[in-house]
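Hello,

Here is the structure for you to look over. My notes follow below it.

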Amino acid sequence: MSESHQQPALARCPGCEEPPASGDLFCGACGYDLSAVPARPDDRPTMAITVPPAAPSASAVSPTGPPAPAVPPSAAPPVPDAPAPPVAAVQWPAASETDSSDVPAPVHRATDLPGTDSGGKPLPTTPPVRHDDRAAAVPAAAEPAAEPAEPPYGTNSHDTSGDFALAAPDPRTAEPTPTPAAGTKVCVACRSGRVDPDGYCENCGHAQPRERDHMEQELGSVAAVSDRGLRHHRNEDSFAVSSTALPDGSPAVVAIVCDGVSSASRPDEASSAAAVAANEALLESLPRGTHPQQAMHEAIVAASEAVNVLAQDPPGAAEHEAHRHQNAPACTLVGAIMAGGLLVVGWVGDSRVYWVPEDRTGPPARLTEDDSWAAQMVAAGLMNEAEAYADERAHAITGWLGADSYELEPHTASFKPDRPGLVVVCTDGLWNYAESAEEMAAAVPPEAHLRPLHGAQVLVGHALDGGGHDNVTVALLPFTLEQQGAGSACTTV
């Protein structure tokens with residue numbers, strides 16, 4: 001008959017931890033083959049658990065060949081009374097010589113194995129320098145290698161750190177660039193490179209901001225600031241400030257602000273041409289003794305003619321071919337003159353002039369009336385001001401400078417203030433965020449009559465903080481009261 005080997009009694013099934021019945025060959029709960037359970041190990045340990053294993057002797061490791069297989073404790077000669085046969089030894093690799101937790105385990109790097117790059121060239125096998133232990137990376141007995149006559153392309157001859165060298169010297173350690181020659185435009189990003197005619201830095205390649213994106217000018221007691229804003233891709237506003245003398249030697253201060261009509265072609269050119277033409281006309285007529293109000297009227301006409309010329313493209317102007325079927329260049333204009341104790345304003349369009357008294361207890365005032373749909377509705381009595389300016393057609397202008405304007409109607413007004421104050425000349429990019437005279441006076445800094453440039457900067461910042469949906473331009477003219485002018489008068493044409 002067949003002989004069955006008696007299996008050792010198991011307390012629990014190795015598969016499901018259930019206690020099997022005595023004599024079962026298979027677990028009644030999970031079907032585990034109990035005959036596959038190895039023999040119970042000898043009860044006597046072959047090695048004390050408190051004694052660490054001895055390091056392999058020198059004879060156990062061959063200096064030239066692979067290490068001799070270590071004999072595990074389980075493969076030691078069995079005790080004579082042990083019935084179990086010897087088990088074949090497992091071939092484990094030899095352990096590291098270091099057996100201390102104080103020493104970090106060896107690190108394998110990519111350069112430990114040969115390889116090729118994407119071009120098929122062999123990768124370098126020199127171990128990289130560790131930045132945390134540069135002294136250990138170079139053996140003390142190693143002699144320094146001879147330096148090449150020329151460093152390879154893309155390396156820095158002064159770099160000995162072992163890091164990847166950049167094609168250009170490190171800007172933190174590079175010698176300062178000498179100051180560019182007079183008249184050379186310097187990059188706003190790196191502050192050292194020269195700007196090429198195409199508007200890019202030849203050193204760092206940074207695109208330079210366009211000159212008209214932000215403009216500031218201060219001339220004596222008049223100052224102006226213009227900014228592109230936060231939504232437009234270019235600044236279509238322009239301004240001109242100047243001063244001259246009347247025939248009697250008294251000063252005359254001029255401020256012109258123009259706003260290009262975005263729906264027309266080349267609005268930036270239109271505003272620039274109008275501002276320059278009006279300013280030049282005033283500087284020519286005021287010293288001759290022309291009354292400031294008449295001079296302002298003539299300046300607006302001259303500005304209109306300058307904008308009209310832009311509609312006549314010269315032959316061969318290929319850059320303007322795309323605009324031939326669009327509206328003619330157009331812009332609005334507003335200006336102020338302080339001369340002989342008078343304040344003269346002139347305008348066409350919806351740019352404005354505000355009066356802010358130096359003594360804020362006095363009432364401020366708006367000195368212009370818009371050429372706009374909303375203003376016409378209010379003037380005709382069809383709507384009140386709140387209703388008119390709430391309409392989506394409120395800012396549609398009814399007067400402008402340009403070849404396709406219906407009829408040029410320059411507006412001028414002359415005032416003789418009886419107290420010192422500040423004249424604010426601005427485009428709708430500012431007054432959209434301070435529409436009423438009281439709101440504008442609240443936005444003007446208290447010391448603006450002493451620091452007009454700072455005041456203009458603050459007002460532009462006020463518009464940008466409000467959203468900056470349009471180009472923003474403002475000019476400030478402090479008005480000082482002459483001793484002999486005690487009364488006040490106002491004449492409007």
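**Cavities and core**

The count comes to two cavities of 30 Å³ or more. Please keep in mind that this is a predicted model.

The largest cavity holds about 60 Å³ of space. Its lining is made up of Val 356, Pro 357, Glu 358, Arg 360, Gly 421, Leu 422, Val 444, Pro 445, Pro 446, Ala 448 and His 449. Strand 7 (352-357) and strand 11 (421-426) each supply at least two of the lining residues. By class, seven lining residues are nonpolar, two are polar and two are charged.

Now the core. The largest nonpolar core has 28 residues. Those with the most contacts inside it are Ile 256, Ala 274, Leu 282, Leu 286, Leu 333, Ile 337 and Leu 401. Two or more core residues come from each of strand 4 (251-260), helix 2 (267-285), helix 3 (292-310), strand 5 (330-339) and strand 6 (342-348). Helix 3 gives the most, with seven residues.

Take a look at Ile 256.

For the chain overall:

- The protein chain has eight helices and 13 strands.
- Of its 493 residues, 34% count as buried.
- Among contacts with a separation of 6 or more, 60% join residues 24 or more positions apart.
- The chain exposes about 30,700 Å², with carbon and sulfur atoms supplying 56% of that area.

Best wishes

Conventions:
Residues are numbered from 1 along each chain as its sequence is written. This is a predicted model: local features need pLDDT of at least 70, side-chain atom pairs count only at pLDDT 80 or more; totals for chains, interfaces and linings use all residues. Side-chain values use heavy atoms; hydrogens and water are left out. Helices (H or I, at least four residues) and strands (E, at least two) are DSSP runs, numbered from the N terminus. Buried means under 20% relative accessible area, exposed over 50%, partly exposed in between (1.4 Å probe, protein chains only). Contact means heavy atoms within 4.5 Å. Accessible areas come from the Shrake-Rupley method with a 1.4 Å probe; for residues, only the protein chains shown count as cover. On a 1 Å grid over the protein atoms alone, a cavity is a set of points where a 1.4 Å probe fits but cannot get out, and a pocket is an open set with protein on both sides within 12 Å along at least five of seven lines; lining residues have an atom within 4 Å of a point. Grid points are joined across faces, edges and corners, and a volume is the space filled by probe spheres set on the points. Ala, Val, Leu, Ile, Met, Phe, Trp, Tyr, Cys and Pro count as nonpolar, Asp, Glu, Lys and Arg as charged, and the others, Gly among them, as polar. A nonpolar core is a set of buried Ala, Val, Leu, Ile, Met, Phe, Trp, Tyr and Cys residues joined through side-chain atoms within 4.5 Å.
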